[in-house]
Each structure stands twice: as C-alpha cells, then as structure tokens.
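User: Please take a close look at one part of this model, its aromatic pairs.

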Amino acid sequence: MQEREMLPDFVMCVGDDRSDEDMFEVIINSMAGPSIAPGAEVFACTDGRKPSKAKYYLDGTVEIVRLMQSLACVADQMVPV
C-alpha cells in the first residue's frame with residue numbers, strides 16, 4: 001500500500017497469547033508514524049480479559065466471529081466514494 005501512496009485507515013488485530021503482545025506494541029507505535037493514515041481507526045484486541053498491551057478485549061472465539069460478521073455486514077452496506 002505504501003508503494004501506491006495509500007495508507008490504511010482501519011487496522012484491527014486480535015491475538016490470544018503472549019506472542020501477540022509484540023504485534024500489539026507494533027500497532028500502537030505505528031499510530032505515531034507514517035505507516036498508518038492520520039486519524040485511522042486502530043483496534044488491538046486480546047481474546048479474554050488479561051494483562052495486555054491491547055486496548056480492547058473480546059470474550060472468546062464466538063465474540064470474535066460475531067465482530068467479524070458485523071464488520072462484514074457494515075462493509076457490504078457502505079457505498080463506494
């Protein structure tokens with residue numbers, strides 16, 4: 001995307017264990033840099049309530065699937081600009 005001078009305006013990452021904490025940290029740090037559009041919506045979510053660098057948590061895979069289905073539904077309703 002950067003080669004085409006396009007920056008993401010929506011980023012979501014979901015993880016469920018310690019190895020995902022690095023991903024959350026990169027996402028958080030990217031918000032201040034040139035890789036994500038200014039004002040982008042960024043959601044870092046962990047599966048289950050536990051200490052994490054993620055700002056949000058989801059309660060299990062059922063909730064994760066429900067979120068993804070809701071995002072897909074909203075995306076289908078959006079009119080291209």
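User: Is Tyr 56 buried, partly exposed or exposed, and what is its relative accessibility?

Analyst: This is a predicted model, in which local features need pLDDT of at least 70 and side-chain atom pairs count only at pLDDT 80 or more, while totals for chains, interfaces and linings use all residues. Residues are numbered from 1 along each chain as its sequence is written, and side-chain values use heavy atoms, with hydrogens and water left out.

Tyr 56 has a relative accessibility of 33% and counts as partly exposed (buried is under 20% relative accessible area, exposed over 50%, partly exposed in between, with a 1.4 Å probe and protein chains only).

The structure holds 2 aromatic pairs. Rings of Phe, Tyr and Trp (its six-membered ring) pair if their centres lie within 6.5 Å; planes under 30 degrees apart are stacked, over 60 edge-to-face, and the rest tilted. Phe 10 and Phe 43 form a tilted pair, because their ring centres are 5.8 Å apart and their planes stand at 45 degrees. This pair links distant parts of the chain, with Phe 10 in strand S1 (residues 10-15) and Phe 43 in strand S2 (residues 41-47), 33 residues apart. Strands are DSSP runs (E, at least two residues), numbered from the N terminus.

Phe 10 is partly exposed at 40% relative accessible area, and Phe 43 is partly exposed at 25%. Phe 43 also pairs with Tyr 56: the centres are 5.6 Å apart and the planes at 40 degrees, so this pair is tilted. Tyr 56 lies in strand S3 (residues 56-58), 13 residues from Phe 43 in strand S2. Phe 10, Phe 43 and Tyr 56 form one aromatic cluster.

Methods. Helix = DSSP H or I, 4+ residues; strand = E, 2+ residues; numbered from the N terminus.
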